[in-house]
Each structure stands twice: as structure tokens, then as C-alpha cells.
Amino acid sequence: MNKIIFKEELSNEVTRIVVEAPQIAARAQAGQFIVLIIDEGGERIPLTLADWDSGKGAITLIFQKVGFTTKKLGGLNPGDPIKHILGPLGHPTEVKNLGTVVCVGGGVGIAEVYPVSRAFKGAGNRVIGIIGGRSKELVILEKEMRQTCDELFITTDDGSYGRKGLVTDELKDIFGAVERSTHTKYPELVYCIGPVPMMKAVSQLTKDYQVKTIVSVNPIMVDATGMCGACRCTVAGKTVFGCVDGPDFDGHALDFDELSRRLKLFKEEEKNKI
Amino acid sequence: MRKKVSQQPAKERIQNFFEVALGFTKEEALEEAKRCLECKNPLCVKGCPVEVNIPAFIKLIKEGKQEEALEKIKEKNNLPAVCGRVCPQEDQCEARCVLNKKQAAINIGALERYAADYGLAASRLPLVVSKNGPATNDQRPATKIAVVGSGPAGLTCAADLAKMGYRVTLFESLHLPGGVLTYGIPEFRLPKKIVLSEVEYIKGLGVDLKTDSLIGKTYTIEELLNAGTKAIFIATGAGLPQFLGIPGENLNRVYSANEFLTRVNLMKAYKFPGQATPLSIGGKVAVIGGGNVAMDCARVSLRLGKEVFLVYRRTENEMPARREELENAKEEGVRFKTLTQPVKVLGDEKGLVKGLECLRMELGEPDESGRRRPVPVKGSNFVLDVDTLIIAIGQNPNPLLPRATPRLKTNEDGTILVDEKYMTSIPGVFAGGDIITGADTVISAMGAGKKAALAIDKYIRDALFAKAKGVPK
């Protein structure tokens, strides 16, 4: 039984909880995720680890209250238990000293790109952060991102904070500046996590500039241990499994349209639950 | 006359998830037990992968001693209520029964189930300490052993080691124990209450069950060894589902058998929305495959009120499923499309399945397996009108644990490499069940668990106790 020890509403839609899970906290690495079941009869849902503290034996989860289970999770309070948590799952993000790494996070994906940016910074990279959301209140973890990034750019769809526009606009400018310059070079890697259309747009842009791009996928999962195949994606024409082969994949080779379509499979059923 | 087990009528049972086979009454069990000839040199025992003393337990049933009969079975078999239901007795113990020569074999499976269910109903869970194992050594309770995976192989190995006196921790990655018994085999063939009771018995032997623990991620094999675990048994089962490799396989409503069954059996999607896990399914389902898993998928789909086709590229004769399951499926209304090879999944504009393009096949010359090879009939393409597809053509070994354990060697097909004593490339680490053989039956996994438990005991006595202070080998 894993008890919630802290809860904070980051916005109307986004909640942060800190949960007791000493074994997971002791082993977690950037890019990994967990699967949880809230209570008896609950479904198994994957959530990316936003942070962990091995000293306190606790993990941080940040989620958008959009589905049946995330809404229910958002209704829990400190002291409440989460019945089952399995993790840490998935391959950790491959972190090396590459030079310059651009970390792009969209919406609740900012919570997930944060530990990755911290890991790249820790490995000695120059880290440029680009975070975006629909509006100001959905741009989360700005303070944390400022600590891990050498430069941080913020965009909002409605212009209520930072630059009005999309994360790709900012990325385009970065690439454009390199294009015009005689002494700067393109970043060695773009790491991106967020809504599928955003990851697709970022990957299309970086493909034009031939900048290696890793995206972190969030397909539907059941067991998340390599057994059910619900999370299958297509990378370079081959079927791979998000849970045991991912969640990080080459953004230039991933079939985003398929991922997007497969994520919609249970939309009707979700409606019946809520 | 061999006594058959009565069943829920087909028309009724496809409306529910209750057990199909109802089991013997006391009278039926007595009558059937009386047919046993109590052979001096019983061949049935030789047909049993875990060597249950079959004539002895049947004799006890005959004498009205159900509890003792169960104890007799449990000397060898830790999961009798499971085996009585899902073992292919017709290929094992019953195939060897001498009564086959004149009439028909004793219904050993039904008698085993009878004794086991009697014990469960009476909440009498006898604790049997192995009488055939090596003499108890007082160092055993201090010796930590880890078993990875709580399916049939893991449960059996853990139980046997606990009976020998070892301190056993059983790790399960899912939230419930039982492995394929829980996520795979449907409720109407193996009620989950039965599985959990058997697990309770094994916990009662002193086995410490830890769910939500994925070895390779939550803990690594090396960490377990460094933390003083003297031996490890890996029984992680078959893993990644196989797909056909045809266009359209990632369309929505194309499921692997594993996903479909896990949603329904483990997560109880048939009780949605009372249970939170959904299942998106149309009205017409095609199940691809001819094994027991395919039959299970087809029969689950029927119970969800769907029209069901079973698509198989050879004929019924070549289907690897138990005849009993095949007959049950047919009786319940599954429509068999044999000599049919899927070539393409057709999708609509939303990405949902809207049909399955197939080719008709005919049987040619026998292949290396001895079965006649199906050959496509040119130009015979047709579209099967279905909106949901379940692919039940087998699994590849799960790569997770070998990837996380560099010292652990695997074969070319991804199964874990072991020697004749079930030991892997890491000293003290053993493996058995589907993870070393590829997909096989529950009972053969149990047989492996049993043999591995003996091998582990011998390894520990040889390698550790002997070194410690001259304990005789």
C-alpha cells in the first residue's frame, strides 16, 4: 500500500502528488514510468515519473485530470492509499554528454521532460528548454526548469504567458539562428515529450534540419511488462512495444498517426464510465 | 462406463462466465473411483509430469476418505484444483490407463478435481511436508530463495522448496498472483476463486508472496544475489505476443490474445463499467489460431454476446487445442473457418477493423512437424465480414529479464539457456517453464517447477551446506 504524503493543484487540470514508494524511488531514472491501480476494481494506468527522492522514499506524479482514473486520482488526498504501484518501468532515457540538448515539453509533458533535462544537465550538457501550454496556468514547473536549463523559452497558444505560439516556433528560431550564424552549430539532440501532435510537429521540423530527436510515447498499456502488446507502436516500419522497447523512440521513425489513433480506442468506453 | 462430468448446457453457459464443467457429485465420484483396477505397476503415474500417486488417491476416494485423498495428491501436486480442470489428462495419465484397452480410461481429472474441491469447500488445506525429499536440514530455514513469477512453474517450485524448509519469496509483477492461471485462462474454465485458494495454500506453507514486483526493474537478479539470496528460480513464462506480420495489424480492435484475455480475466472487463478496465469490441469477432488460447478467446467473445469465427489455416485435425475445448467451442456456436489464411486487415476511416481479407488453403505434403502443409489456393481471396480481431498464434519469450541481466544467457529464440539441472549461465540461478521451452501446458510448467526445486535443493546442499561445516551430502 502506497500512501499519498503530499498534494498540490498546479492548475485546474493538473495535480501533483507525492507518494510513498521507497523501492521505486531508490531506483528510478529519468524517462521511466510506473503503473498504478488506485483501488480494487481499478484499471492499470501508466504515468511517467516526474521526480523521486530516494532519501524520503517517495515519488512525484504529475497528471492531467482527463480520464476516469486520473480524475479519481486527483480526488485523493494526503493519507489516502494507492493500492498498487509497479515500477520503475521502461528503459531510462539514454543520457550522455553530447554538447547541446534541447528539451521540449508540452502541457503535462513538462513534468516529464523536467527530470530528463536535469539528467542531461547533470551529464554536462548545455540544456535549452522549451516549454509550452494552451495558456499560462498550464505552463507548469517553470521554476524547476529554470534550474536545469541554461536557457528556457516559454510559449502559450493564447499568448497569456511567454511567447504567443507553439514550441515549434521557438525551435524554428533556434535553428534559424544557427543557420544564419557562422560560428554556432545545431544542437546534438532534441528530446520531446507532450501531446502526440506536438511531438509529431517537433519531429517533422527537426527532420528537416537533420537533428536527432527522441520522443517519449504514452500508449495505452495493460500489464506494462511486455505481455499484452496493447502499447505496440510502429518505428521504421517495425512493430515495437512501448513498455519494454520504449518509452523513448526515434521521432524521425515513429508512426505518430498510428499512435494517435490507437490512443483513441477507448474514448467511447471512457464516456460511459464518467 | 467412464463417468462424464456434467456441464452447463451450451445455450445457458454462453450467457454467463460461470464454470462450464460442474464436477462430480459424491455418488458420481464413488462410482467412477470403483472402476480403478489399482494396478500394481500403475502406468497412469508414469504419464503424470508431477508423478501423482493416482491409484492411491483414487482408492482413498473409493473408501470415502476425500481429505486423505487430497493429502495424497498434494504430496506431489500443489495445485490439484487447477490441474483437475486444465490438464490435458487424455494425453497424459488417462492415455496410459489400462482400461483404455477394453473400455475407456478412468476420469482421473474429474476425480482429482473432486478431491481438491472437497478440500477447498471444507476449507481444509492440509499441510504436507514432503516425505520423499532429502532429510530436513536445520540450515534450510536460514537459506533465502527467490522465485520469480507466480504462474504454475513458480507456484510449484516455491511450494516444494517451502515444504523442504527453505525461506521462499515469490515475486509477481502483476497485482494478483497466478500468472497465466489468473490472466489467461477464463473464469468459465478455471474460476479465479479456485486459483486464489490454491495460492493461499502455498502461502500457508510459508511462502512470502510479493506482488507488484517486476524482477529486472523493481529489483535485479544481481541485487537479489547480493542481498544474500542463495538461489533464484526464474519462471516468468511466455511473453511478448506474436502477430501475423500482415498489413493492418495495428488497427484499432486488433488485439493479441494476451491483451484480450488479460482485459477480460485479470481486469474483469466483462463487468465494465463496474470494473474500470474497458474493452472495445464490435459485433463480429475473428479469432486467429487453433490452440487452447484461441478457443478461450473465441468462447469469451461468445459470452460477450458476439458472433465468433475461428480462423485457422489448416484443418480441425491439425489444431493443437484439446479436443474437449474444441468440441465445447463448436457446441457453443463458434464458427470454424478452417483452411483459411488471413492476408490483410481492412480498416475504416476511423482506423477500426472493418474486415479480414483471407485466402483459402489446401493441404499439401507433410512439413517437418508431420502435419500436412497448408498451401494457398491462387486467386481465392475473400473478405470475412468482422469488426474485431484477436490474434492467438503464440508468444515469444519476454525479453525484459534477460536484457536487465547481462550474465543471463539466452538461446537464439530468446528463451533462457539452462543445463539439464535447470541451471542458467549464472550459478545458483535456475529457470523453468515457458521461459525455457516456449509456450507449453500448465502441467509441464509445474513439472519443471518440481524438478527445479529438487535441483535447487541439491545445489544448495552441495555448494553451501557442505562448505559451511561438513554437513553430509
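Biologist: What makes the area between chain A and chain B count as buried, and what is the value?

Modeller: Buried area is the accessible area, taken with a 1.4 Å probe, that two parts lose on being put together, summed over both. For chain A and chain B that comes to about 3,600 Å², and carbon and sulfur atoms give 56% of it. On the chain A side, A:M227, A:R232 and A:R261 lose the most area to chain B, together 18% of what that side buries. A quick caveat: this is a predicted model, where local features need pLDDT of at least 70 and side-chain atom pairs count only at pLDDT 80 or more, while totals for chains, interfaces and linings use all residues. Residues are numbered from 1 along each chain as its sequence is written, chains are lettered from A and ligands numbered from 1 in the order in which they are written, and side-chain values use heavy atoms, with hydrogens and water left out.

Biologist: How many residues does the contact take from each chain?

Modeller: Contact means heavy atoms within 4.5 Å. By that rule, 40 residues of chain A and 43 residues of chain B take part.

Biologist: Why is the meeting of B:R403 and A:D245 called a salt bridge?

Modeller: The rule asks for a side-chain nitrogen of Lys or Arg within 4 Å of a carboxyl oxygen of Asp or Glu. B:R403 and A:D245 have N to O at 3.0 Å, so the pair passes. The count between the two chains is two salt bridges.

Biologist: How do you know where domain 1 and domain 2 of chain A lie?

Modeller: Their bounds come from an automatic or database domain assignment. It gives 2-89 for domain 1 and 100-263 for domain 2. Their centres, taken over C-alpha atoms, are 22 Å apart, and the two domains bury about 1,700 Å² between them.

Biologist: What makes A:E144 and A:R16 a salt bridge?

Modeller: Their N to O value is 3.7 Å. The limit is 4 Å, so they qualify. Between domain 1 and domain 2 of chain A the rule finds three salt bridges.

Biologist: Why do β2 and β6 of chain A count as paired strands?

Modeller: Strands here are DSSP runs of E with at least two residues, numbered from the N terminus. Two strands pair if DSSP finds at least two bridges between them. β2(A) (residues 14-20) and β6(A) (residues 58-64) have seven, so they pass, and they run antiparallel. One of the links is A:V18 with A:T60. Both strands sit in an open sheet of five, ordered β5-β6-β2-β1-β7 with antiparallel pairing.

Biologist: Why is one side of β5 and β7 in chain A left without a neighbour in the sheet?

Modeller: β5 (51-53) and β7 (81-82) stand at the edges, so each has a single partner strand.

Technical notes. Helices (H or I, at least four residues) and strands (E, at least two) are DSSP runs, numbered from the N terminus.
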